Amino acid sequence: MGQENAGLLDGPDGIARCFWHGNLPDYLHYHDHEWGRPVADDRRLFEKICLEGFQSGLSWLTILRKRDNFREAFAGFDFDKVAAFTDQDVERLLGNAGIIRHRGKIVSTINNARRARELADEAGSLAAWFWKFEPGPDERPVIVDLVHLRANPTTAVSVRISKELKKRGWSFVGPTTVYAFMQAMGLVNDHLEGCVCRAEVEKERERFKRPK
């Protein structure tokens, strides 16, 4: 199978990576240094699940390029601060051209901040709650290739997390959004076979101390 059919793309350094960064410098950096690397920081987890909600119907690159604006607009995604946002903040955010001005997603982020505080109180931290859903080896494919990823935009685990979050009042957390969150935050390693980052991420996951 050729590089293209395998979902791989040579970077400027001639080394094969997952194709989706398209060798765009900011996207390539995100692929190499963030995506799939395990995260236990509550603020980063909250940020990511909110931004995945904003991404719905758009490309992640659009959100990535606005991420600093989102961070400024949403108090660095400190969910205790966002939970205190009022209707005036909603109007302020709707006037902010640097973010995605979608009333439903803005209101959802404020709602989810309040639900995040409840979840952190329940589990000790957001990280402890999310990481308890980490799929076991029997729930993962033997080979992570392009065919598998295209056939599985959701998984049984992402469906389960989505249902649990919705039960607790979260919104914009469908199974596809949740799976993208899992991939990005390192709950799974979905760098493709042959990507230079796959082995690096696997080693990082082995060293990673799961939050409890």
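In the predicted model, Ala 75 is partly exposed, with a relative accessible area of 26%, and its place is in the loop between H4 and helix H5 (79-83). The phi angle of Ala 75 is near 50°, a positive value in a residue other than glycine. A positive phi is also found at Phe 77, where the angle is near 60° and the residue is again other than glycine. Phe 77 lies in the loop between H4 and H5, but this residue is buried, with a relative accessible area of 0%. The cut-off for burial is a relative accessible area under 20%, so the value of 26% for Ala 75 places that residue in the partly exposed class.

The largest nonpolar core comprises 53 residues, and those with the most contacts inside it are Phe 46, Phe 70, Phe 74, Ile 106, Ile 161, Leu 165 and Met 182. When its neighbours within four places in sequence are left aside, Ile 106 is in contact with Phe 54, Phe 74, Val 90, Leu 93, Leu 94, Ile 99, Ile 100 and Arg 101. Another core, of 8 residues, lies apart from the largest one and has Leu 8, Ala 16, Val 144 and Leu 192 among its members.

Ser 158, which lies in helix H10 (residues 156-167), counts as buried at 0% relative accessibility. Its side chain reaches the backbone nitrogen of Thr 155 at 3.0 Å. With neighbours within four places in sequence left aside, Ser 158 is in contact with Pro 175, Val 178, Tyr 179 and Met 182; Met 182 is one of the residues with the most contacts inside the largest nonpolar core.

Within helix H1 (25-33), the residues Tyr 27, Leu 28, Tyr 30, His 31 and Asp 32 are buried. The elements that cover these buried residues include E2, H2, helix H3 (60-64), helix H4 (67-73), helix H11 (175-184) and helix H12 (196-207). Phe 19 is located in the loop between strand E2 (16-18) and H1, and at 35% relative accessibility it counts as partly exposed. Although Phe 19 and Leu 146 are 127 residues apart in sequence, their C-alpha atoms are 9.8 Å apart in space. Residues up to four places away in sequence not being counted, Phe 19 touches Gly 7, Leu 8, Leu 9, Leu 146 and Arg 150, and of these contacts Leu 8 is among the members of the core of 8 residues.

Notes:
Residues numbered from 1 in each chain as written. Predicted model: local features only at pLDDT ≥ 70, side-chain atom pairs only at ≥ 80, totals over all residues. Heavy atoms only, no water. Core = buried A, V, L, I, M, F, W, Y, C linked by side-chain atoms within 4.5 Å. Buried < 20%, exposed > 50% of the residue type's maximum accessible area, 1.4 Å probe, protein only. Contact = heavy atoms within 4.5 Å. Helix = DSSP H or I, 4+ residues; strand = E, 2+ residues; numbered from the N terminus. Polar contact = N/O pair within 3.5 Å; in protein donor to acceptor, adjacent residues only side chain to side chain.
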